[in-house]
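The sequence and structure are shown first.

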Amino acid sequence: MTANVSTTDTPLTSARVHGRAGLARKAKAYLALTKPRVIELLLVSTLPTMIYAQRGFPSVGLILATLVGGAFAAGSAGAFNCYIDRDIDKLMHRTEKRPLVTGEVTPREALVFAWLLGAAAIAILWFGANPLSAWLGLGAILFYVVIYTMILKRRTAQNIVWGGAAGCFPVLIAWSAVTNTVEWPAVVLFMVIFLWTPPHYWPLSMRYGEDYRNANVPMLGAIAGARVVSVQVVLYAWAMVACSLLMVPAGGAGWVYTVTAVLAGAWFLYESHALYNRAQGGDLSDKGAMKVFHGSISYLTLLFIALAVDPFVGSAIMGA
């Protein structure tokens, strides 16, 4: 007697397969709400700042609590931003695949997710680090959601200048997690990122200028000419590099950080001036603008890697 074995899926098996696929799609959609690439960039500054504040490695528990709490806070802010901006996201090619536009996540689901993620972030920072870090985490969320997204973004070309301050909070959170206070080195690092944000983002807004104009969002790179924007990029780049060197007298930085800040800063200034020269000559392409955008990420990464290494090599050049 021969038994016949079916090679086709049973209804139950098929339902399980489709259920797992649907769950994976949903999880991917929720992850997209948090803007993970932005979170990655924010975390680049967090751990090095903790190491520098500790002058060594903090405890693993403190590192995890600060990184996870900070990531959740940034993710919460990103999810709130996606919820509030869902009307303009569908008008721009750059954002038309976001979950609230495609329908992978409903507005109600996104809003609940944002609140839960924010509450988790505050709790993790409060109990895993200290209350000051938790309050700073809350401040970062409120600044990005209320000041930038709700008030500035659709009203002024200076939106990314002041709204971008939300992206500077991770260094304050990191420093306070280690020291339970905010000191001058943390303020200097805050200002470095504050001044870095315009020359980082404005070239991107030049590349996607048509998108922003279609959505009636007054990003400077979209509403001003390349010649005007390039001047602003150069000015902010110079201010950023000068501010980064304040870590020597105000933050007790050593040679590793100082040399990196000078060399990386000189390279970014060169790229910024190259952008300016092409813009003034009317020969600036999207590729040229994006070169400065990507270069700004490399600059910030190098600077904070040097910050993390600095306490382990040599001593401070000047007294903090």
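A residue counts as buried under 20% relative accessible area, as exposed over 50%, and as partly exposed in between, with a 1.4 Å probe and protein chains only. The model is predicted, so local features need pLDDT of at least 70 and side-chain atom pairs count only at pLDDT 80 or more, whereas totals for chains, interfaces and linings use all residues. Residues are numbered from 1 along each chain as its sequence is written, and side-chain values use heavy atoms, with hydrogens and water left out.

**Fold and confidence**

The protein chain has 16 helices and zero strands; these are DSSP runs (H or I of at least four residues for helices, E of at least two for strands), numbered from the N terminus. Its C-alpha trace spans about 85 × 50 × 45 Å along the principal axes. Of the 320 residues in the chain, 48% are buried. Contact means heavy atoms within 4.5 Å. Among contacts with a separation of 6 or more, 77% join residues 24 or more positions apart.

The predictor's confidence in each residue is given as pLDDT, from 0 to 100. The chain has a mean pLDDT of 91, and 93% of its residues reach 70 or more. Confidence is lowest in helix α1 (residues 11–33), with a mean of 76, and highest in α6, at 98.

**Nonpolar core**

A nonpolar core is a set of buried Ala, Val, Leu, Ile, Met, Phe, Trp, Tyr and Cys residues joined through side-chain atoms within 4.5 Å. The largest one has 87 residues, and those with the most contacts inside it are Trp202, Met240, Met247 and Tyr299. Helix α10 (residues 184–207) gives the most to this core, with 13 residues. Not counting residues up to four places away in sequence, Tyr299 touches several residues, including Trp196, Met240, Trp267 and Phe268.

**Second largest pocket**

A pocket is an open set of points on a 1 Å grid over the protein atoms alone, where a 1.4 Å probe fits and protein lies on both sides within 12 Å along at least five of seven lines; lining residues have an atom within 4 Å of a point. The second largest pocket is lined by 15 residues, of which Phe80, Trp115, Ile141, Leu142 and Val145 lie nearest its centre. Helices α3 (60–84), α6 (107–128) and α7 (131–152) each supply at least two lining residues, and α6 provides the largest share, six residues.

**Loop residues**

| Residue | Relative accessible area | Class |
|---|---|---|
| Phe57 | 60% | exposed |
| Asn180 | 47% | partly exposed |
| Arg55 | 41% | partly exposed |
| Asp85 | 0% | buried |

Phe57 is found in the loop between α2 (36–54) and α3. Leaving aside neighbours within four places in sequence, Phe57 is in contact with Ile51 and Phe312. Its C-alpha atom is separated by 43 Å from that of His93, 36 residues apart along the chain.

Arg55 is also found in the loop between α2 and α3, and its phi is near 60 degrees, a positive value in a residue other than glycine. Asn180, in the loop between α9 (169–179) and α10, likewise has a phi near 60 degrees. Most residues other than glycine have a negative phi.

Asp85 lies in the loop between α3 and α4 (86–89). Beyond its neighbours within four places in sequence, Asp85 is in contact with Thr149, Lys153 and Arg154.
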